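Subject: Structure for you to look at

Dear colleague,

I am passing on the structure we spoke about, together with some notes to read beside it.

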Protein chains: 2
Amino acid sequence: MKLRFATHNKGKFMEAKAILEPIGITLEQYDKGYPEIQSTSLEDVATYAADFLKDKIESPFFLEDAGLFIDALKGFPGVYSAYVFASIGCEGILKLLEDCTERGAHFESVIAYIENEDVKIFKGRCKGKIAMEKRGNKGFGFDPIFIPNGSNKTFGEMEPEEKNVYSHRGKSIRKLAEYIVNGLA
Amino acid sequence: MKLRFATHNKGKFMEAKAILEPIGITLEQYDKGYPEIQSTSLEDVATYAADFLKDKIESPFFLEDAGLFIDALKGFPGVYSAYVFASIGCEGILKLLEDCTERGAHFESVIAYIENEDVKIFKGRCKGKIAMEKRGNKGFGFDPIFIPNGSNKTFGEMEPEEKNVYSHRGKSIRKLAEYIVNGLA
């Protein structure tokens with residue numbers, strides 16, 4: 001089965017591939033982009049984008065929106081994580097949390113999967129904490145400063161396969177895979 | 001003449017009113033909202049929103065998008081200023097600029113004005129710097145930490161009329177006013 005993933009992000013694409021290809025799903029990248037609305041809800045962003053892409057990409061396809069939500073910063077950077085990363089980076093987040101002992105945070109992932117005209121939503125969440133310093137150069141974005149619960153490594157110190165065990169995106173993609181496989185069964 | 005301003009923000013509405021009412025334009029607030037896309041360009045955000053609202057609001061109407069762009073933070077918080085204000089606030093910006101002597105910043109305002117089917121864009125910019133601490137409780141958002149060039153006060157220490165003399169929004173609204181008045185002449 002061929003499935004399209006609408007994303008610019010090569011890192012996300014590799015993570016999805018690591019889960020989907022072993023179960024016989026061939027992944028193809030669509031990287032022409034789509035509008036992302038400003039909303040505090042990842043689901044709104046994903047649903048709006050899915051609607052926009054419906055008649056532009058051959059079904060089935062999916063897209064994914066994710067964000068890092070930091071407790072002590074009232075959920076910042078949240079849905080704007082990609083932009084915030086591009087401007088103030090990991091360094092900015094570490095600065096905002098200087099002298100802050102409350103370092104709880106979570107990553108969230110929302111997938112919108114489109115089959116014919118139907119949109120289905122799959123979610124994944126990963127709780128953890130913000131590291132005291134950057135560690136590792138794998139992954140992308142805020143990966144080097146996020147330590148998922150159950151590990152001592154940051155996402156930046158993990159290969160895609162290991163990151164997928166813990167990560168928000170690993171969870172949402174496995175839910176998607178389960179749905180596709182069951183639907184085909 | 002009656003003109004509609006699509007905004008949730010009462011502060012913006014009052015600033016526009018202070019300029020437009022003295023020249024005979026009655027301002028009406030439309031506060032049902034509109035989608036704001038994630039883009040690093042205020043003009044993209046405003047144009048997309050104008051397009052969305054075209055058949056929902058009686059013409060003529062306008063909307064405005066603004067942002068604070070801080071040099072040392074690569075333009076952060078930019079088009080996401082409202083969201084960033086709601087999460088990390090003025091305190092977060094001051095923290096990010098701690099020990100930073102380069103405090104240059106500017107506010108930008110983009111107005112999309114819709115008359116019948118046409119969209120016209122008006123822009124305003126205000127250069128200045130980020131204060132060392134919060135001052136004043138007037139205005140809204142990052143006003144208490146922004147000092148426009150030519151003044152020693154922050155926007156937070158100014159009434160709408162005084163802020164309009166310096167501000168990005170004062171400039172874009174005066175351009176709009178000029179256009180409307182000349183168009184009607």
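The notes that follow go from the single chain to the contact between chains and then to a few local details.

Please keep in mind throughout that this is a predicted model, and that the values quoted here were computed from it.

The single chain

Chain A contains 6 helices and 8 strands, and if you read along its sequence they come in the order β-α-β-β-α-β-β-α-α-β-β-β-α-α. The C-alpha trace of chain A spans about 50 × 35 × 20 Å along its principal axes. Its radius of gyration is 16 Å, which agrees with the value near 16 Å that a compact globule of 185 residues would have. Of the 185 residues in chain A, 43% are buried, and among the contacts in chain A with a separation of 6 or more, 59% are between residues 24 or more positions apart.

How the two chains are related

Chain B can be superposed on chain A by a rotation of 180° with 0.0 Å of shift along the axis, and the RMSD is then 0.0 Å. The two copies are therefore related as by a two-fold rotation axis. Within chain B, the C-alpha nearest that axis belongs to I37(B), at 1.8 Å from it.

Where they meet

In the contact between the copies, 16 residues of chain B touch 16 residues of chain A. On the chain B side, β3 (36-37), α3 (81-87) and α4 (89-96) each supply at least two residues, and α4(B) gives the most, with 3 residues.

Strands within chain B

Inside chain B, strand β6 (residues 104-115) and strand β7 (residues 118-130) pair in the antiparallel sense over 12 bridges, and V110(B) stands opposite K123(B) of β7(B). The hairpin formed by β6(B) and β7(B) has 2 residues between the strands, and N116(B) in this hairpin takes a positive phi near 55°. The strand β7(B) is also joined by 3 bridges to strand β8 of chain B (residues 146-148), with the strands running antiparallel, and here G128(B) stands opposite P148(B) of β8(B).

Finally, is I180(A) buried or exposed? This residue lies in helix α6 of chain A (residues 168-184), and since I180(A) has 20 C-beta neighbours inside 10 Å, and 20 or more is the cut-off for calling a residue buried, it counts as buried. The C-alpha atoms of I180(A) and E133(A) are separated by 39 Å, while the two residues are 47 residues apart along the chain.

With best wishes

Notes. Residues numbered from 1 in each chain as written. Chains lettered and ligands numbered in written order. Predicted model: local features only at pLDDT ≥ 70, side-chain atom pairs only at ≥ 80, totals over all residues. Least-squares fit on C-alpha atoms with pLDDT ≥ 70 in both. Helix = DSSP H or I, 4+ residues; strand = E, 2+ residues; numbered from the N terminus. Rg over C-alpha atoms; globule rule 2.2 N^0.38 Å. Buried ≥ 20, exposed ≤ 12 C-beta atoms within 10 Å, placed from the backbone. Contact = placed C-beta atoms within 7 Å. Pairing = 2+ DSSP bridges.
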